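Dear colleague,

Please find below the structure that I am handing over to you, together with its sequence. My notes on what was found in it follow directly after.

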Amino acid sequence: MFKKDFMWGTATASYQIEGAAREDGRGPSVWDVFCAEGNAYGGHTGDVACDHYHRFAEDVALMKELGINTYRFSLSWTRIIPDGDGKINPKGIEFYNRLINELINNGITPIITLFHWDYPYELEKKGGWRNRQSSDWFAYYAETVFRSFSDRVKYFVTLNEPQCFIGQGYAQGIHAPGLKCSDRDIVIMSHNVMLAHGKAVKALREIAPNCKIGYAPTCSAAIPATDEPEDIEAARASFFDIDMNNWTWNVSWWSDPIMLGRYPEETDAFKKLGKYLPEGYEEDLKTISLPIDFYCQNIYNGARFSAGEKGPRWVPNSINMPLTNCNWPVVPESLYWGPKFLYERYGKPIIISENGMAGYDAISLDGAVHDMDRIDFIHKYLRCLKKAVDEGIEIDGYMYWSLMDNFEWSKGYSVRFGLIHIDYITQKRTPKDSFYWYRDVIKSGGEAL
Ligand code: GCO
């Protein structure tokens, strides 16, 4: 059974929903520049997005109708500090004060993600995460946020998916700022990113010791092909291993330093990459691994593994495997095995900070959006999460990605993840069938699953 105070929520991110990109003193982020240069699908940009900046009250009213008790959203760093590390913009603070107050007045607990990819462009020009000072820039921003909002906001998350904003932004170059850096640079950036996280944790303990803080990396879960113990071990080993063909996409490089205070030294990847860590990195690990209160994990899908003669063997998905509109496989067991392996390794309460799917959602003749596939997706995934809960894995919350359709990074507006359909021309909001279905699940405390 899900606990009584289980956090039933949804998630969003600033650049993906806010719009008002040049309003009230907001400074440019790397995503503004990347999109202005035509790098996202169809030349799309986040300039207007869901116009949430102007319509947040309507959106909070919809959240209330949905019945969520928790809402995870991110702040735009450059709305608060337009050049990243200089003057604070009071208009930015005011906007988030209005949003936070609206949430609280409607009985919804805010979880603030400090950074969900919209990195200040002015800081990127100074080397961004490659610059050793980057962790201090982030700490200054984090302190500003804690000083401004921690009287009302009790839950903070430092960083969302470093695997993506570093891997896809600086290694593969498909996300902003669209660079292809060397492994040496990526290792240095990863270290600075985690040091930034640690400095933010430290700042929160000093400024608002009664608040809680976590971290939100992503993963592809590893599922044992059978329930035999050797396949379970194979899946676990593969889940925490690092594949050099795409090394920025992994769990242990990004979580072991924070959760265990050390890099995954046993992996071949560390043997190749560890030499690029800055001198004295061991000292930094003390800050990086300052204890956090909960561990967030974004989980969308997974892959299967069995025990082979030479270690874990990848087992292809069934030929019947359904795919979402992003071509991601639908693997509900990800929400059982993912949290289980993470809890066993890191021992912290887990929040599923993102899970969801892109559908081919359209308004039907009757004016509604009949997204049966999304209902089925969430239903299957939540049943697996419930199994983990029933077996004693400490799971504190589930945030569906996303509250509403929004700007999906390099895919622009071409894919829709929301429980609420957005007409990007009129900005009309239409709750989809899944919205009402999730509302009923929440109302039942998960018993309806
Ligand atoms: C991520 C980001 C979200 C995405 C979502 C769907 O997890 O990649 O946090 O911003 O929009 O995951 O791809």
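Does Phe407 count as buried or exposed? With a relative accessibility of 0%, Phe407 counts as buried, because the limit for that class is under 20%. Please keep in mind throughout that this is a predicted model.

Trp117 is found in the loop between strand 3 and helix 6 (121–125). Its relative accessibility is 5%, so Trp117 counts as buried.

Across the whole structure, the search finds 49 aromatic pairs. One of them joins Trp253 and Phe270, whose ring centres are 6.1 Å apart; their planes are at 40 degrees, so this pair is tilted. Trp253 lies in helix 11 (residues 252–260) and Phe270 in helix 12 (residues 268–273), and the pair links distant parts of the chain, 17 residues apart. Trp253 and Phe270 are buried.

Arg345 is placed over the face of Phe240, 4.1 Å from the ring centre. The charged end of Lys387 sits over the ring of Tyr336, and its distance from the centre of that ring is 4.1 Å.

**Nonpolar cores**

The largest nonpolar core contains 138 residues. Within this core, the residues with the most contacts are Trp31, Trp129, Phe138, Phe149, Trp253, Tyr398 and Tyr438. Helix 9 (residues 183–207) supplies the largest share of the core, namely eleven residues. Another core lies apart from it and has 16 residues, including Met7, Ile111, Phe294 and Phe417.

When neighbours within four places in sequence are left aside, Tyr398 is in contact with Phe6, Met7, Trp8, Gly9, Leu335, Ile352, Asn355, Ile378, Leu382, Leu385 and Tyr438.

**Ligand surroundings**

Which residues are the closest to the ligand? The ligand is surrounded by 13 residues, and the closest are Gln16, Glu161, Tyr300, Glu354 and Glu408. In the case of Glu161, an N or O atom of the side chain is 2.3 Å from an oxygen atom of the ligand. For Tyr300, the corresponding distance from a side-chain N or O atom to a ligand oxygen is 2.8 Å. For His116, a side-chain N or O atom is 2.9 Å from an oxygen atom of the ligand.

Phe115 is found in strand 3 (residues 109–115). Its relative accessibility is 1%, so Phe115 counts as buried. Not counting residues up to four places away in sequence, Phe115 touches Trp77, Trp129, Phe138, Thr158, Leu159, Asn160 and Phe165. Phe115 and Trp137 are separated by 22 residues in sequence and by 12 Å in space, C-alpha to C-alpha.

Ser306 is found in strand 7 (residues 294–308). With 7% relative accessibility, Ser306 also counts as buried. Beyond its neighbours within four places in sequence, Ser306 is in contact with Ala225, Asp231, Ala234, Gly311, Pro312, Arg313 and Val315.

**Backbone features**

Where are the cis peptide bonds? One joins Ala176 and Pro177, with omega about 5 degrees, and Pro177 is placed in the loop between helix 8 (162–171) and helix 9. Another joins Trp401 and Ser402, with omega about 15 degrees, and Ser402 is in the loop between strand 10 (395–401) and strand 11 (420–422).

Asp24 has a positive phi of about 50 degrees, although Asp24 is not a glycine. Asp24 belongs to the loop between helix 1 (14–17) and helix 2 (30–36). Its relative accessible area is 32%, so Asp24 is partly exposed.

With kind regards

Notes:
Residues numbered from 1 in each chain as written. Predicted model: local features only at pLDDT ≥ 70, side-chain atom pairs only at ≥ 80, totals over all residues. Heavy atoms only, no water. Phe/Tyr/Trp six-rings, centres within 6.5 Å; stacked < 30°, edge-to-face > 60°. Helix = DSSP H or I, 4+ residues; strand = E, 2+ residues; numbered from the N terminus. Buried < 20%, exposed > 50% of the residue type's maximum accessible area, 1.4 Å probe, protein only. Lys NZ or Arg CZ within 6 Å of the ring centre and 35° of its normal. Core = buried A, V, L, I, M, F, W, Y, C linked by side-chain atoms within 4.5 Å. Contact = heavy atoms within 4.5 Å. Near = heavy atom within 4 Å. Polar contact = N/O pair within 3.5 Å; in protein donor to acceptor, adjacent residues only side chain to side chain.
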